[in-house]
Amino acid sequence: MNSAFKSLILLLGTTMTAMLPGAAWSQTARSYISIVGSSTVYPFATVVAEQFGGTRRFRTPKVEATGSGGGIKLFCSGIGVKYPDIANSSRAIKPAELRDCAAHGVKDVVEVKIGYDGIVLAESVAAPGLKLGLRDVYLALAKQVPDPTGKQALVANTYKTWKDVNPQLPATVIEVLGPPPTSGTRDAFVELAMEGGCESFPWIKAIKEKDEDRFRQICHTIREDGRFIEAGENDNLIVQKLKANAKAVGIFGYSFLEENSDSVKGSLIDGVAPTFENISSGKYPVSRPLFFYVKKAHIGSIPGISEYLQEFTSLKAMGEEGYLADRGLVPLPAAEYKAVSERVRQLVVMPIPG
Amino acid sequence: MIADDGDDGASRQLSPEETRRRVDASLRRRYRAERRFRYYGLCSVCLGVIFLVILFGTIIGNGYSAFRQGFVQLDIHFDADVIDPDGGRDPDVLSVADYSLLVKAALRELVPEVTSRGEKRELNNLVSAGAVFSLRETVMADPGILGRKRSLWLPLNSEVDLWLKAKLSGTDGDGISGRFSARQLGWLERLLADDRIELQFNTAFFTNGDSREPELAGVWGATKGSFFMLLVTLLLSFPLGVAAAIYLEEFARRSWWVDVVEVNINNLAAVPSIVFGLLGLAVFINFFGLPRSAPLVGGLVLTLMTLPVVIIASRAAIKAVPPSVREAALGIGASQMQMVFHHVLPLALPGMLTGAIIGMARALGESAPLLMIGMVAFIVDVPSGPMSPSTALPVQIYLWADSPERAFVARTSAAIMVLLAFLLVMNATAVWLRSRFERRW
């Protein structure tokens, strides 16, 4: 028994000494791309990363969902293998962040706009067609709405028909099919449409400066009395239900509207139709551009970055019929796509604001 | 007699009958209290068992279907003109070729009536996007296959997989067939009737890393990540913990300094694990410059967390060795160190190992500290060592539970089953070590 334990201790000891050089080895090289940032871009970046790793002779990049702000902060911490190469973001990088980058030696940031996150409210083609404002959307779907008598107070939402919300709308019952809270589409819808409508009330907008949490609670909470129906993660299902029910309105990503244009049509929002041109030009209010940022200094020292850029900006990924469009990305219009892929090819660096 | 304190002095002398009556009454009360207590105990055990059964029932009920996966048999023609038009058999060319064309062509052969673009798209969507990866692997492993035809079983898309499972079990799982067009359903029914699609054992689940396609996602990457992490933790926390325990128990003289160390070790064992994650981020990643997401850093952080547990368990094991053993050794002329290493340590080691394994089991289930050091990430490649980026099993469960694709529900539960199996093995090892080597006196 004694010798059994002795050999066990010996074994542990030798393995540990064998491990020590590994532990002492500080990082001098990295053979994979490290990506951090937005959880909105995460589903697209991971698909590209997997395609890239599966079809090319490089290792699959590592993608961390840290949120846009957290990702850019990590990205801007410095140059070298221990810092990420790419930061995904669901908003453009701020001048302050670029200055922070430059202060840490990251002076050559290449911006890549990958497309848009567009969310549509759609109805069956048999329906007469709604012309909504963001304010109408907010009033129809929020859990609490401003008192209709004009007082600056919130009351429970009792609007039953679209006409109750806005006299110019038809007297059809409000019945909206939308994604559950776990969905990114829901997040974007709440942030862009609900909040946009919410801010049209000056006194609610004033709350935003004072108490951000309260503001979010007012504007982001969707009613739970059955007017808004959570229809599952799959946007296809919503499309199916819209076909069967001409009175219902569905909320989903733009790509599904495009694919099912024979059975559903998009509602006008603030007078703008959700068309390809309007979304990509930014006229359609419920859309936002998505980006990622690359450190030019890392190209060459980390293998595969330029090939990853190539894969991401290729037509088969980012193009109008690419696999990212299947996952719900609104692709860039042809002219902008061309400009972006040209800038990526030449690796045009962003100027540092003074 | 104490019970009678309230009575007046005159009744202090009780008759034998009265004493007897009072004792009987109190005896009945005591028996009742004991029965009640046993009943409470039984109730809490039953409640615990019921919750355990519900937990395991849900996990297994949700997860068992993930161990099987739908496959379609396709006759792939490895067309050399498509894959390698130059004929150079250059691995660089072979690795970037468009293998999806081969899959599409094979599908068209099976369903020849498809012509329009929309129909083709619907047809191609039935097969997993990952089918091309396995074709690529086939060709890379054996370029000689070019120009030949081979019948291969390729994974179906995860939604088709759900449809197939619902179909074979005779239910329509939440209207899954509503997700397909009438055309697609027609093709699927036909392929099923031709025995072209079937459920097979899901090997990918045990051999692959993470993936965005549920049909390709596996736990091997996370399992290896967890393994490397625990290896680092064991190799560091066990020797350090045992050395610290021996010093504190056998060598250190009692002083205020030893008391401070002791109190701190006990406190550290109760510190929430996320705090160790923050510490790891600040020290190992920011100061020592170790890479993010590496199992080495994860192992170091978990070492900090496990070390106090190992020290406490080891000290208890050393304390349990009877002083007579020490005295006998010293009495025949052994030095203090010889006494410890020749006599005390071998006798205390089973207890120390058990403590270490229980600590490791806790470390295996830990996910909070890993959040801080970048191990919550999308990592496809299976890690090859403690420096390559990886996730861990609990983190993988968290990531999948968060995924929108329906098929990940079953995979989440299946991954939980794998984790539980690991914990059972580790705890069983601890029990075995104890019963095998433990000495009683």
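Chain A has 16 helices and 13 strands, where helices (H or I, at least four residues) and strands (E, at least two) are DSSP runs, numbered from the N terminus. This is a predicted model, in which local features need pLDDT of at least 70, side-chain atom pairs count only at pLDDT 80 or more, and totals for chains, interfaces and linings use all residues. Residues are numbered from 1 along each chain as its sequence is written, while chains are lettered from A and ligands numbered from 1 in the order in which they are written.

How much of chain A counts as buried? Of its 354 residues, 42% do. Buried here means that 20 or more other C-beta atoms lie within 10 Å of a residue's own; 12 or fewer makes a residue exposed, anything in between is partly exposed, and C-beta atoms are placed from the backbone. Now take the contacts in chain A with a separation of 6 or more: 71% of them come from residues 24 or more positions apart. A contact is a pair of residues whose C-beta atoms, placed from the backbone, lie within 7 Å.

On to chain B. Its domain assignment gives domain 1 (2–64), domain 2 (68–207) and domain 3 (220–437), with bounds that come from an automatic or database domain assignment. The C-alpha centres of domains 1 and 2 of chain B lie 66 Å apart.

Look at helix α1 of chain B, residues 16–63. Its 48 residues reach 70 Å from first C-alpha to last, close to the 70 Å expected at 1.5 Å a residue; that expected span is 1.5 Å times one less than the number of residues. How many residues of α1(B) are buried? The count is 0, and the helix is hardly covered.

Next, find the open sheet of 3 strands in chain B, with antiparallel pairing in the order β2-β1-β3. At its edges are β2 (149–155) and β3 of chain B, each pairing on one side only. Strands pair if DSSP finds at least two bridges between them. Strand β1 (residues 68–77) of chain B is joined to β3(B) by 5 bridges, and one pairing to look for is R68(B) with F201(B) in β3(B).

Most residues other than glycine have a negative phi. Yet D195(B), not a glycine, has a positive phi of about 60°. D195(B) sits in the loop between α8 (182–193) and β3 (197–201) of chain B, and is exposed, with 8 other C-beta atoms within 10 Å. L347(A) also has a positive phi, near 50°. L347(A) lies in the segment after α16 (334–346) of chain A and is partly exposed, with 13 other C-beta atoms within 10 Å.

Note on methods. Contact = placed C-beta atoms within 7 Å.
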